[in-house]
Amino acid sequence: MAEIAKLFGIHRNTVRRWLKEGLEAIDHRRPVLIHGSALKAYLTKRRAQRRQTCRPGEFYCFRCRAPRATWGAMADVSFRSATVARLSALCACCETPMHRTIRRADLPALAALVDLRTVASERMNERSDPSANRAFEEV
Ligand SMILES: [Zn+2]
């Protein structure tokens, strides 16, 4: 148990919790010994159970630690290559920026769920819009 805690840089109580949650010890004697293959199998199974897939239109929010809808059902799109698009949006729950990379071929399906704006055209609008300067003139 102490070796596992040291190996992963975690507290011994975490390993004790894993034992309660299904990690198998070799026997019930002290010190508690765990076979490496049992540990590997436990952690692999645990990771698979925790995996959360985003439904269409959802992004994974690292702050919420969950798939989330985008704020205002909006996302910005920038094109990385002929086949790949990068999406940026805010989490509908905590407004943390979220990012997702998808195939450009999947954009039409996503556009049905999320209001997509291309970042390049937005920048052009900002440059041609004189209202940004007006705020300074009025002061
Ligand atoms: Zn969030």
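The model is predicted, so local features need pLDDT of at least 70 and side-chain atom pairs count only at pLDDT 80 or more, while totals for chains, interfaces and linings use all residues. Residues are numbered from 1 along each chain as its sequence is written, and side-chain values use heavy atoms, with hydrogens and water left out.

I start with the metal. Which residues coordinate the zinc ion? They are Cys 61, Cys 64, Cys 91 and Cys 94, each through SG, at 2.2 to 2.4 Å. Donors here are N, O and S atoms within 2.8 Å of the metal, or 3.2 Å for Na, K and Ca; water is not among the atoms, so sites may look incomplete. Along the chain the donors have the spacing C-x2-C-x26-C-x2-C. The angles among the 4 donor atoms are 104 to 113°, and the site is tetrahedral. For four donors, that term requires all angles to lie between 85 and 135 degrees.

Next, accessibility. Buried means under 20% relative accessible area, exposed over 50%, and partly exposed in between, with a 1.4 Å probe and protein chains only. Cys 61 has a relative accessible area of 0% and is buried. Cys 64, at 23%, is partly exposed. Cys 54 is also partly exposed, at 27%. As for disulfides, meaning pairs of cysteine sulfur atoms within 2.5 Å, the count is 0.

Now the sheet. Strands are DSSP runs of at least two residues, labelled E and numbered from the N terminus. Two strands pair if DSSP finds at least two bridges between them. Here 4 strands form an open sheet in the order E5-E4-E3-E6, with mixed pairing. At the edges are E5 (97–103) and E6 (115–118), each pairing on one side only. The twist averages 30° from one strand to the next, taken between N-to-C directions of lines fitted to C-alpha atoms, on a scale from 0 to 180 degrees. Strand E3, residues 74–79, runs parallel to E6 and is joined to E6 by 4 bridges. Asp 76 has Arg 117 in E6 as its bridge partner.

Last, Leu 87, which lies in strand E4, residues 84–90. Is Leu 87 buried or exposed? It is buried, with a relative accessible area of 0%. Taking contact as heavy atoms within 4.5 Å, and leaving aside neighbours within four places in sequence, Leu 87 touches residues including Phe 59, Asp 76, Val 77, Ile 102 and Leu 116. Ile 102 is 15 residues from Leu 87 along the chain, and their C-alpha atoms are separated by 7.6 Å.

Note on methods
Tetrahedral: all angles 85-135°; square planar, octahedral: opposite > 155°, others 65-115°.
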